[in-house]
Amino acid sequence: MSYADRYTKRPVTDIFTSDTDIDRRQCTRKVPMRALLLAPGRTGTASMRVAMKQLGFLDTYHMMSCSIENPPDALLWMDALRAKYDGVGEFTRKDWDKLLGDSQAVCDWPACAFAKELIEAYPEAKVVMTGRDVDSWHASTMKTVYWRVTDPELRLLSHFSWAAKMYYPMLKKFFDTFFEGDFPNRGKDVFTRHFDEVRKMVPPERLLEYRVQDGWEPLCKFLDVPVPKDVPFPRVNENSDFISRSRRRNRAQMLNVAAQGPEIIGLALLILYLILYVQNSMFSV
């Protein structure tokens, strides 16, 4: 059984978050995949997602696509991680089309763990590697996404919350596998090696090594799209409020879980009423 078969519909009591509930197991590709942004997160990927939209790309898949937008996607990502690292099942081009079929580009994690697979699945897509000083990147990730991986509130919520049950196990699995189970000590080496491996896999004419500080010109030239006129390159600095946003997300999910209480009590009372009604009906005959 695939991990995605654990999918359940969003509870009606999940009223404090605005997550969508799209089960992508039956989805197919709707638009061509045009660009693979295969650097790890914290390299300007949030800014790149906005920039790609401004350049006319219909959607750029980002970790936020499953963390706060459509949590059931995490189940398919888990299937991909299990296939790659555990040898459980397989994850083919058809499966990537299910997961990414609405997207013309993909970036951030966990996609970076599948550089080889995505390059092979979409040979027509151009590859962009957003770079950053490795020490700065590691420090930023330690304070944000790695903090999220070790967040005790999120871990607890993963036992009760519809969304967290799907997202947290995938997030932890990604860090345990791609970063070899020790991000604080292995993260920098994995980051550097990852860039070297992608350089070996992609012909120079199909690869752009880029920093968001470079602006529109090199990116647009590589993607063969017009440079936006009088539009500054987006700067999305999510580092400053990452923890506060994550804690707000935790609180909202806690409220969703709490809202299940009255529903469960109401269902129990209904069942008790029906039992008593049937018993009274039998004795009154």
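## A walk through the model

Aspartate 230 lies in the loop between helix 11 (216-223) and helix 12. Helices here are DSSP runs of H or I with at least four residues, strands are runs of E with at least two, and both are numbered from the N terminus. Aspartate 230 has a positive phi of about 55° although it is not a glycine. With 81% relative accessibility, aspartate 230 counts as exposed. The cut-offs go like this: buried is under 20% relative accessible area, exposed is over 50%, and partly exposed is in between, using a 1.4 Å probe and protein chains only.

Before going on, a word on what you're looking at: this is a predicted model, where local features need pLDDT of at least 70 and side-chain atom pairs count only at pLDDT 80 or more, while totals for chains, interfaces and linings use all residues. Residues are numbered from 1 along each chain as its sequence is written, and side-chain values use heavy atoms, with hydrogens and water left out.

Is arginine 42 buried or exposed? Arginine 42 also has a positive phi, about 70°, without being a glycine, and sits in the loop between strand 1 (35-37) and helix 1. Its relative accessible area is 8%, so arginine 42 is buried. You'll find proline 110 in the loop between strand 3 (105-106) and helix 5.

## The whole thing

The protein has 12 helices and five strands. Its C-alpha trace spans about 85 × 45 × 35 Å along the principal axes. Of the 285 residues, 50% are buried. Look at contacts (heavy atoms within 4.5 Å): among those with a separation of 6 or more, 77% are between residues 24 or more positions apart.

## Inside

Now for the nonpolar cores, meaning sets of buried Ala, Val, Leu, Ile, Met, Phe, Trp, Tyr and Cys residues joined through side-chain atoms within 4.5 Å. The largest core has 62 residues, and those touching the most other members are Leu36, Trp77, Trp96, Leu100, Leu118, Phe174 and Phe179. Helix 9 supplies the largest share of this core, 11 residues. Apart from it lies another core of 20 residues, including Ala51, Leu55, Val128 and Leu208.

Which residues does leucine 100 touch, leaving aside its neighbours within four places in sequence? They are Arg29, Met33, Tyr61, Trp77, Val106 and Leu118.

Helix 10 (residues 183-201) is worth a look too. Its buried residues are Phe183, Gly187, Val190, Phe191, His194, Phe195 and Val198. They pack against helix 5 (115-121), strand 4 (126-130), helix 6 (134-143), helix 7 (145-149), helix 9 (162-178) and strand 5 (207-210).

## Charged pairs

There are 26 salt bridges in the structure. A salt bridge means a side-chain nitrogen of Lys or Arg within 4 Å of a carboxyl oxygen of Asp or Glu. Here are some of them:

| Pair | Closest N and O atoms |
|---|---|
| Arginine 49 and glutamate 69 | 2.9 Å |
| Glutamate 153 and arginine 251 | 2.7 Å |
| Glutamate 180 and arginine 193 | 2.5 Å |

Start with the pair of arginine 49 and glutamate 69. It links distant parts of the chain: arginine 49 is in helix 1 (residues 45-54) and glutamate 69 in helix 2 (residues 63-69), 20 residues apart. Arginine 49 counts as buried, at 16% relative accessibility, while glutamate 69 is partly exposed with a relative accessible area of 31%.

Next come glutamate 153 and arginine 251. This pair also links distant parts of the chain, with glutamate 153 in helix 8 (residues 152-157) and arginine 251 in helix 12 (residues 242-284), 98 residues apart. Glutamate 153 is partly exposed, at 26% relative accessible area, and arginine 251 counts as partly exposed too, at 38%.

Finally, take glutamate 180 and arginine 193. Glutamate 180 is in the loop between helix 9 and helix 10, and arginine 193 is in helix 10, 13 residues apart. Salt bridges that share partners join Glu180, Arg186, Asp189, Arg193 and Glu197 into one network.
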